[in-house]
Every structure is written in structure tokens, then in C-alpha cells.
Amino acid sequence: MTGLLNVNNLSVDFKTDSGKIKAIEDVSFQVKPGETVCIVGESGSGKSVTSLAIMRLLEFENGEISNGEILFKEEDLARKTQDEMSNIRGNDISIIFQEPMTALNPVFTIGRQLMEGIQHHQKVSKQDAEKKAKELLGLVGINDIEDRMYQYPHELSGGMRQRVMIAIALACDPKLLIADEPTTALDVTIESQILTLLNELKEKTNMSIILITHDMGVAAEIADKIVVMYAGKIVEQGSVYQLFDEPTHPYTKGLLKSIPQDKGPRLKRLYSIQGTIPSLTQLPKGCRFHPRCEFATEKCLQEEPPLLKANEREVACWNYEDVIKKEVKQT
Amino acid sequence: MIAAGENKTVEKKISQQEKNVLLEAQHLKKYFPIKEGMFKKNKRYVRAVDNISLKIFEGETFSLVGESGSGKSTLGRALLRLQEPTDGRLFFQGEEITSLGKKEMREIRKDMQVIYQDPFGSLNPRMKVSDIIGEPFEINRQKSGKEKDKKVCELLELVGLDPERRNRYPHEFSGGQRQRIGIARAIALNPKFILADEAVSALDVSVQAQVVNLMKDLQDQLGLTYLFIAHGLNIVRHISDRVGVMYLGHLVEVGEVEEMYERPAHPYTSALISTNPTPDPRAKREKVVLKGEIPSPSNPPSGCRFHTRCPLATERCRKETPKLTPLAEGRKVACHYPLI
């Protein structure tokens, strides 16, 4: 079955003073209609770069797609011009960011910013745009809509601003919503409200969501499928149940193990993956995770493992059979 | 003179009754004036910390949780007098520190240190790591030259960094490593008490686990007492002995961590815990979804401050402010209708 979005062998380079840096390499995944895919990883893993590449916003950050294709409804976004892209951005694909304060324009009212998007993409009168804007604010659960339309971003709380961002993103009924750490800056109570809202909107509109997060808890709550990234590559991907029930890559396993539990007996020490994520300019030879991996063998030091089907999901590890069998050691 | 005499007797009482109380606040208040109107007359106040009394025991980890705007950071800073309290009294090691002068306070501050959230903003980018960690010795004229250098190396080793890298600058270190540098600086003078204000919140999970383990190890080795301010509820459960829950400047519940997570007494605590994302895709928990958001602290609701969002609020809650009262062993709650 073909997905709404098929990312195939995507690689992205960044131009720096010290030459080209490969930010992501050979990234392939699929998003089906109505599906929520979470891209999980630590800072520097390339999860945000992946989302910027899909939106073709990389060019503004000195990045370029060096290989691969981004098939959206069978059209390759990687080959589109920026002019063509600006018709797709905000129309078929929308994005919301972590910090709703900087993403909204502080000198325009909420209403004006909402209507701007609608009028840009759809040929409608001002009255119709205003009507649609109010509908959208209602859809994302904002009260006192008449007042809110004429307020400025600074008059709203963080959670409200994120709701407005979502309303703007939904203005043209996108098929795909990309949410880059949408709840990281919010309190847990508000985070829960926003995640519930995203789930409800997905049910109502059958859009697909790509949610980027570093929080496995958030992924557990909202994802159908999880893509785990490490140092620019996908190390494991599968359904949310597969990954949580039987993590097959040592990194996924370590990541899950280092989350403090919210019930049951407390451990004296938290499990922690030794070392830190390598800099993209100094990637280790062989498997990128091997310096931090307790399952590493001679082969891992020499050869990079491909992402292959194993244990009913995709995993990039030479020793995955061992990983399934053995518990990670408490350091 | 009379006042001073009174203070002495109070001090004595406290030190005799509970030998192991390290830090105590009595009716602590911190109000920030809102200047408004043509002549900038103070009309209103933000009551960031409103009449809070609490004790922190020696060797324990006490955590403060609550949404942003609840006043947890202000309380932390007021406890150390990094922000002068508006009212109330503070005791450290049985001694009243509420009105100590700058010089005396500096002496006491050797025993109270802070680790901040942002490992990028809290280290001076123009200073070498050895100077950052050595600065406490300079300020207190304790060590210099080779002796200081030796101590810096010891500290770096203690927090798991290579002493060889002491002459480098902060930008050459990763986020987690920088937080270790912040910790090394905080423990340089052998303090008794450390305020960790969102010290691990900005770190990635795998790094966060490393830093939390380090903090626990140091606590065992050096007998430290932590006041841990955080919004990540799972990490709080892991690291704390006792937890205080704050809402709009009030302490609404205090208790032992595991018991409190198991059976919260305040509806707000219950909501916080239930909305905390669980790393388990099958956990379909009954969520207490809170209506709306935390109200502005400049204009808090009447009666119980939580009544506007509370699923159980009654007429009484709208009128009468509940006091923090003992409920069970070690538990206190400020609610007219506690859940247990």
C-alpha cells in the first residue's frame, strides 16, 4: 500500500566553513493517510532536519537535499521549485513549531494572521475568510472567539498561542500536519490538552501527522508508528507497540530504559547510555552507535549496518538477535 | 534588643526540637509590585509566594512541582535570599538568616549553592573552565595557585570530566558536560544545601539520566541536601524523598513522594499526575483533564485558588481559602475535600 508521504533514501547536506556536513543520511519512511508517525531522537539526531527537508525549508538554512525523493501524493517534493512549494506549504502540508511566541507575528492580531493564510491560498472574500477564521478558532477549542480575533499574540498564554498556531496550520485542511516539538515548551496539563486536541482533529479530518519529539512519553500517547533516529540515521522503526514491547535496537532499548518510571518500585540508579551523541563532523567508523553500545562487536566497528526488516519491524543493527534476548546492563 | 532576645529563644527552640531540619521557612511571602497608572503608584501585587511554611531536612531531596507561574522558582530563590522575601522568617541550620547583613550572608552562602537550568547561559563564555570552577575559591579567598588548580582537577574528576580539559572554554563542551561543570562549581566549597532549579530539564533523556545519577552519587558522598525544582514529574518521582506541590503561590500539598504519586490528596496533584505522559502505549489512564489554564497570579481567584479549574469545587471553595493541614503521616494538604 502506498502512503500519503513516501520518503525514500533522503540525505541532506549542510554547507559550513569546514566543508559539507551530512545532517541526515539515507532516511526512508512512510506516512499513511490518517496515521500519526512520531520521529524520536535526541538533539542532533536529525529529526528536525527531516521535517524541514519535507517542507523544503532547508534552503533557507544553508542546507540542500543531496539525494533521495520525497513523494507526496506521488509527486516528488525534492524536485519542486520554491514557487511550487509555496503553494503546497500551508495548503496540503502545514507545520507547527515548538515556540509559538516566535512563530506568530507580534504586531498583527490573531484574526489577521489567521485570515492571511486563508486568503493567500483560497480565493475567498474577506467576510468568508473571517467566518472561516472564527470556525477554526472554535475547532481548536478557543473560547471568546470574538475577543480573541482582535487580540495580539502577547495577550495569550503559551497554550493558547499553540492552539492559534494549530488553527493557522489547519486553515486550508492540510492532508499532512508536521508538528515539531509542539508541546515541549508547555506544562504537562497544557501538553495533555494539546495532544488530546491533535488526536481529536485527526479523527475529525483524517489528516496525517508527523510529530517530532524527544519525549517517549508523548510518543507513547499519540503515535501509531515510531521512527527512532540517531546521529542522522534511522536506527529502528515500527509500530508503537512493537517498539515499546520489544525494542530491537540497543539505542531504542537504552532510551526506553533511561526514562524514570511513573509507577512501581523506584530504582536506586537510572539506567543511562554511556557517553554522548557524536558530532556530525566526527562520526565514528562502522555503526554510529558502537562507541556507546554494550552489544558492539568487531563487525560493528568496521561496517555500518543497513536498515533491514527484522523482528517484524525495520532495524539497523548487526546483533539485534542478541539485543532482543539480553537485558541491558545497569551501569 | 528585645526583638533580638526573642529571636534567640526561638532559634534555641527550633534547634532543640528538630535537630535535623536544615532549612526552614515560616510564613514566607514574596510579592512583586505591579506599577501602573500615571504616577506609577503601586496598586497591586503579584503574590508569587504567599504565606508558605516548610521544612527541608538534612540529607533529603525535596522537590517543588507545579505549572509555570506557580511560584516554585521564586520560592527557591527566596529561600536562599537571592530574592529578598517580602515577609516571613528563614532559618538555616537552626539559625535565623532573615535579616543577616551582606557579609554574614556571604559566609552562609558557602553552604548554599545553586545549579541553574540553562547550561549555556549559566557559564561565562569568556572564562576557562578552570576559572569558572575556581572562582568560588577566589571570592572566598580560600585557595590560590597550585592548591586551587589541584582542587579544580579533583572536582572535575568527581563530576566525571577529564581534568586535562580544564583550560578549555564552555562552548567546547556538550550540554550535559556543561551541566557537570555547573555542578562542580556548586560543590566546590563543600556546601550543605543545593538548589537545583530545573537543572536537568533542558537535557536529553540519556544525558539527563547520567546527570541525575551523578547528583545522587554526590549526595551520598558529600551528604548534600537538595531542593529540586522541576516540571518533569517522572524525574521528580525518581530523585525525591518528599515533594511539595505549588499552585499560584500556595503550597497545596506536601508529602512523601511514592505515597503521594500513589494516592494524591489534592485534586490538583491528582490532575498533574494523571496528565503526565506515560511511557506505555497501552496505558489508557483515566485522565483528569483540567479546564483552562493557571490564572494570572496578579489577580488570583477568591477562596481556594484552584476552584476555577477544580472538578470538585463547591460554594465553600469559592469563599474560604483552605489551609495546609496535616492529613496522614507526613502528608499535608490544602483542600476542603481531600481525595484521601
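Mentor: The model is predicted; local features need pLDDT of at least 70, side-chain atom pairs count only at pLDDT 80 or more, and totals for chains, interfaces and linings use all residues. Residues are numbered from 1 along each chain as its sequence is written, while chains are lettered from A and ligands numbered from 1 in the order in which they are written.

Helices (H or I, at least four residues) and strands (E, at least two) are DSSP runs numbered from the N terminus. Axes are lines fitted to C-alpha atoms, for helices over the stretch in contact, and angles run from 0 to 180 degrees between N-to-C directions.

At one of the positions concerned, E253(B) has V333(B) in β12(B) as its bridge partner.

The helix also meets the other chain. Helix α10 (residues 267-275) of chain B packs against helix α8 (residues 188-205) of chain A at an angle of about 50 degrees, and their axes are 8 Å apart. The two helices α8(A) and α10(B) are therefore oblique to each other (under 35 degrees counts as roughly parallel, over 145 as roughly antiparallel, 65 to 115 as roughly perpendicular, the rest as oblique). From α8(A) come V188(A), T189(A) and S192(A), and these meet A271(B), L272(B) and T275(B) of α10(B) (in contact means C-beta atoms, placed from the backbone, within 7 Å). By class, this contact of α8(A) with α10(B) comprises 3 nonpolar, 3 polar and no charged residues (Ala, Val, Leu, Ile, Met, Phe, Trp, Tyr, Cys and Pro are nonpolar; Asp, Glu, Lys and Arg charged; the others, Gly among them, polar).

In total, 36 residues of chain A are in contact with 33 residues of chain B. On the side of chain A that touches chain B, at least two residues each are supplied by α8, α9 (216-222), α10 (240-245) and α11 (250-257) of chain A. With 6 residues, α8(A) gives the most to that side. The side of chain A that touches chain B contains 15 nonpolar, 14 polar and 7 charged residues.

Two further helix pairs of chain B may be set beside this one. The axes of α6 (residues 175-187) and α7 in chain B come within 10 Å and cross at roughly 15 degrees, which makes α6(B) roughly parallel to α7(B). Their contact joins G175(B), G176(B), Q179(B), R180(B), I183(B) and I187(B) of α6(B) to V207(B), Q210(B), V211(B), L214(B), L218(B) and L222(B) of α7(B). The residues of the contact of α6(B) with α7(B) number 7 nonpolar, 4 polar and 1 charged. Helices α4 (residues 129-139) and α5 (residues 145-158) of chain B also have axes that come within 10 Å, and they cross at roughly 115 degrees. There, S130(B), I133(B), G134(B) and F137(B) of α4(B) meet K148(B), D149(B), K151(B), V152(B) and L155(B) of α5(B). The contact of α4(B) with α5(B) has 4 nonpolar, 2 polar and 3 charged residues.

Finally, consider the sheet of chain A. Its 8 strands form an open sheet in the order β6-β7-β8-β3-β9-β10-β12-β11, with mixed pairing. At its edges stand β6 (93-96) and β11 (308-310) of chain A, each with a single partner strand, so one side of each is left without a neighbour in the sheet. Neighbouring strands are turned against each other by 20 degrees on average, direction ignored. Here β7 (residues 176-180) and β8 (residues 208-213) of chain A pair in the parallel sense over 5 bridges, and D180(A) has I212(A) in β8(A) as its bridge partner. Across β6 and β7 of chain A lies helix α7 (residues 158-169) of chain A, which runs at about 170 degrees to β6(A).

Methods:
Two residues are in contact if their C-beta atoms, placed from the backbone, lie within 7 Å. Two strands pair if DSSP finds at least two bridges between them.
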